[in-house]
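Morning, everyone. Let me put it on the screen.

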Amino acid sequence: MKKSLIAIALATTFLAGCGTSDVNTESQTEVTKTANNKAELGSFGIDLSARNEAIKPGDDFFMYASGTWYDNYEMPADKTRFGAFTALAERSEKQVKEIIDDIASRSDLNEEEQLIADFYQAYMDTDTINKLGITPIQGILDQISAIKSTDDLTKVFGSAWLTGASSPIAGGMWFNRLDPNQYEMSIGASGLGLPDRSYYLEEAERFVKIREAYVDHISKMLTFAGVKDAKARATAILALETKMAEGQWPREKRRNRDLTLNQIKRADLAKEYPGFDWDLYFAQTGYQVPQLNISQPDPVKAMIKLVNTESLNVWQDYLTFHTVKNNAGLLSEDIYAASFDFYGKTLSGQQEPRPRWKRAISEMSGTQSLGFAIGKVYVARYFPESSKQQMAELVENLRTAMGQRIDDLDWMGAETKVNAHAKLAAFNPKIGYPDVWQEFDGVELSNNDLVGNIQNLRKFFNADSVAKELKKTDRNRWGMTPQRVNAYYNSSFNEIVFPAAILQPPFFDPNADPAVNYGGIGAVIGHEMGHGFDDQGSKSDANGIQRNWWTDADRAAFEAKADQLAAQYSKYEPIPDNFVNGRNSLGENIGDVGGLAMAYHAYKLSLNGKEAPVIDGVTGDQRFFLAWAQVWKEKRTEQSMLNQLRAGTHAPGRYRAQAPRNHDAWYKAFDVKPGDDLYLPEEERVRIW
């Protein structure tokens with residue numbers, strides 16, 4: 001399997017009944033009273049110095065809100081993008097570093113602290129790592145070299161999650177979309193080394209050059225494994241991966257939940273998908289898999305055909321390359337440098353590697369590593385319970401606003417509104433950190449064996465996943481650690497999740513003006529709620545069951561509006577001849593546009609009919625929309641932008657900042673007129689939620 005239960009427990013959407021009471025205004029009033037402390041940004045929570053007031057808001061709201069910052073900010077050599085999310089992520093990294101340094105300085109460590117100390121020391125021990133070279137994965141490479149049959153090949157594919165190899169057929173435990181109380185294996189096509197199938201199939205010069213550089217990179221990585229005639233064999237690997245890309249679905253098709261729900265009994269699997277030893281494949285990790293879901297039926301069949309028709313020698317070279325590539329960050333510095341040269345510089349425009357301590361923290365902080373052990377300490381040190389309470393109140397304010405907006409929809413009928421209210425009422429917010437923490441009983445780590453530590457953690461989480469496979473799903477489980485700067489919506493549990501680290505400026509500041517918090521974290525809350533009602537999340541009901549709870553007429557009206565929004569975003573052209581994929585990013589764009597509308601509605605309710613004060617010459621509505629735009633300020637390398645356009649599900653930050661062009665209040669707040677570049681006639685403004 002490529003991923004175990006906990007890792008894949010998010011095929012979710014990231015940022016990352018109607019309430020019966022009025023919007024709670026006490027929390028925001030109290031926030032502004034408490035505070036002898038000032039807002040972190042500016043005098044009320046926004047960095048006004050970042051603006052470029054020479055640019056009309058109606059021509060480019062992103063540059064109006066953040067243009068001075070954008071024009072003067074110099075991208076660090078170890079970055080491919082920088083913005084509000086990156087700044088907070090760096091703050092979180094430094095805080096985690098303080099935690100680890102404190103643990104490392106003590107001798108009275110508990111078991112989890114000892115795991116953290118040993119892992120970090122092993123990662124930072126470059127002398128040992130460099131002496132070992134490629135030997136930590138030699139056993140895996142030997143297994144690949146010993147492949148003599150399709151059965152041997154299938155075994156290696158089946159254990160790819162544990163070894164760090166790749167497989168053209170991969171997946172992991174997810175939730176049964178027709179019964180979210182059950183886990184279910186989900187399988188699809190996988191295994192490409194470039195960011196997206198388009199990198200293999202498009203003939204534009206930039207992609208041709210990337211493929212040439214990719215062949216050179218494959219050749220270098222094969223050479224580390226002692227492979228002879230590496231350039232010719234690298235060319236054969238590219239040819240194989242190109243065939244794999246041809247058989248895979250485009251990303252916009254892969255996100256269509258109607259197409260990706262294809263449940264099948266294990267007993268029928270060999271008949272429907274013949275030519276592949278499924279029993280042998282699943283046996284490598286111990287899953288019983290009484291029933292599963294094939295998320296991409298035709299692509300899986302295409303991959304099976306390639307397994308049976310392509311040379312075993314080419315598959316061996318493919319596995320050798322991917323095993324070295326996927327483990328490069330854990331091996332000697334010469335191997336990592338070769339990996340960085342392609343994946344960092346060529347593909348992403350990154351000029352220097354991140355400092356090793358940051359890479360260590362990144363490796364440790366995931367849900368499949370020691371992330372929750374670190375997160376427990378992070379929350380105790382850096383997350384005030386008052387923020388959790390204030391956040392909970394904001395969530396309920398947004399829920400109330402959304403309920404009122406559903407009532408006012410002119411395109412949705414009464415029958416569908418009943419179901420929409422039921423789903424809204426059932427939203428389960430998770431804020432800050434888990435109520436039940438991940439336990440690490442039985443995990444053994446060394447302070448001088450980095451690859452061994454990674455493999456032990458993989459085995460631990462795989463065993464944990466296998467043990468849970470036939471049990472009722474665990475709704476206490478989180479798909480992100482508290483120190484992660486992000487948020488997500490999980491449709492199977494109908495939950496919206498906000499880790500502690502995102503609850504900081506510019507998203508949330510207890511000392512900021514209410515308009516700023518509503519335009520920041522309020523719109524993020526609305527965004528995640530909006531995922532429950534986007535083009536795909538809306539296919540699941542209040543209980544997380546995928547079913548059609550709409551009338552045909554209402555669904556058609558919704559899809560017409562969604563099509564209009566997809567077309568709007570598809571006109572954005574960040575790189576010549578490379579456009580935003582409005583269809584692939586549609587769910588996120590609905591989340592942005594709808595979430596902003598919910599947050600604005602909630603903000604207005606919080607004022608209780610009063611006019612917001614003007615602060616530093618900025619009105620309440622202006623503060624609200626500026627807060628939103630500055631959340632999405634970012635600067636990218638061109639290569640990173642291309643990756644985002646082809647492989648990401650979100651529109652780039654510049655265009656997310658322009659979402660207010662669909663809201664009437666923004667036009668009034670900034671005096672946007674016909675003739676301005678962002679101006680949309682009223683009939684072209686997309687109002688869904």
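What percentage of the 689 residues in the chain do buried residues make up? The figure is 61%, with buried meaning under 20% relative accessible area for a 1.4 Å probe, protein chains only.

Ground rules. This is a predicted model, where local features need pLDDT of at least 70, side-chain atom pairs count only at pLDDT 80 or more, and totals for chains, interfaces and linings use all residues. Residues are numbered from 1 along each chain as its sequence is written, and side-chain values use heavy atoms, without hydrogens and water.

The overall picture. The chain has 30 helices and 10 strands; these are DSSP runs, H or I of at least four residues for helices, E of at least two for strands, numbered from the N terminus. The radius of gyration is 25 Å, close to the 26 Å from the globule rule for 689 residues, so the chain is as compact as a globular protein of that length. That radius is taken over C-alpha atoms, and the rule is 2.2 Å times the number of residues to the power 0.38.

Now helix H18, residues 333-348. Where does H18 bend? At Phe340, by about 35 degrees. That is the angle between axes fitted to the seven residues ending there and the seven starting there.

Just after H18, Gly349 takes a positive phi of about 75 degrees.

Methods:
The expected span of a helix is 1.5 Å times one less than its number of residues. Buried means under 20% relative accessible area, exposed over 50%, partly exposed in between (1.4 Å probe, protein chains only).
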